[in-house]
Amino acid sequence: MLQYDKTFPTLDCAACIGTPKMVAVGQDKNINLMTNTEVESVSGFIGNFKVNVNQHARYVKTNCTGCGDCAKVCPVEAPNEWDVETRMRKAIYISFPQAVPVRYAIDKKDRGPCVQTCPAGINIQGFVALIKAGKYQESLNVIMETMPLPGTLGRNLPGPL
Ligand code: SF4
């Protein structure tokens with residue numbers, strides 16, 4: 001609902017309705033807020049429910065303050081699901097600006113096909129992202145981490161590289 005600007009039929013502001021409720025839930029001592037979590041099954045009856053959940057890893061420590069410094073320097077971008085992929089976000093991100101709690105997360109995807117198939121195991125995406133950001137020395141460092149003598153590769157392999 002919060003992704004919409006206004007709600008039908010009263011044209012109420014969706015964020016004005018949802019945000020105070022999210023903050024109230026986040027501050028309630030009797031509620032254990034489990035974000036990034038999916039309900040897998042519910043059984044039982046009123047007063048005695050059993051719920052199985054699947055809580056996805058954030059890959060960020062729980063003491064994250066939400067300062068956003070990591071996102072400012074993160075060189076990797078991905079389509080922003082909150083904006084229905086019309087804009088980009090960083091690989092470390094907060095799901096949307098008013099999210100509760102304000103805690104960053106990393107979507108751990110499988111490695112890119114270029115990284116998987118590189119015979120030297122170079123982090124190509126990191127290299128390209130750093131080049132794009134104009135960080136040439138850092139991009140060279142990415143290559144040198146896994147292949148300290150890059151000039152030898154073409155000479156030792158029979159196929160053209
Ligand atoms: S927002 Fe990023 S830099 Fe700031 S505390 Fe959380 S993980 Fe660390």
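Trp-82 is partly exposed, with a relative accessible area of 23%; here buried means under 20% relative accessible area, exposed over 50% and partly exposed in between, with a 1.4 Å probe and protein chains only. The model is a predicted one, in which local features need pLDDT of at least 70 and side-chain atom pairs count only at pLDDT 80 or more, while totals for chains, interfaces and linings use all residues. Residues are numbered from 1 along each chain as its sequence is written, and side-chain values use heavy atoms, with hydrogens and water left out.

The structure holds 1 aromatic pair. Its partners are Trp-82 and Phe-96, whose ring centres are 4.3 Å apart and whose planes meet at 15 degrees, so the pair is stacked. For such pairs, rings of Phe, Tyr and Trp (its six-membered ring) need centres within 6.5 Å; planes under 30 degrees apart count as stacked, over 60 as edge-to-face and the rest as tilted. Trp-82 sits in the loop between strand 5 (77-79) and strand 6 (88-90), and Phe-96 in the loop between strand 7 (92-93) and strand 8 (105-106), so the pair ties together parts that are 14 residues apart in sequence. Helices (H or I, at least four residues) and strands (E, at least two) are DSSP runs, numbered from the N terminus. Phe-96 is buried, with a relative accessible area of 14%.

Two further residues bring other parts of the chain into view. Leu-33 is found in the loop between helix 1 (14-27) and strand 3 (37-45) and is partly exposed, at 38% relative accessibility. Beyond its neighbours within four places in sequence, Leu-33 is in contact (heavy atoms within 4.5 Å) with Val-25, Gly-26, Val-100 and Pro-101. The C-alpha atoms of Leu-33 and Pro-101 are separated by 8.6 Å, although these residues are 68 residues apart along the chain. Thr-7, in strand 1 (residues 6-7), counts as buried at 16% relative accessibility. Not counting residues up to four places away in sequence, Thr-7 touches Met-1, Asp-12, Ala-14 and Ile-17.
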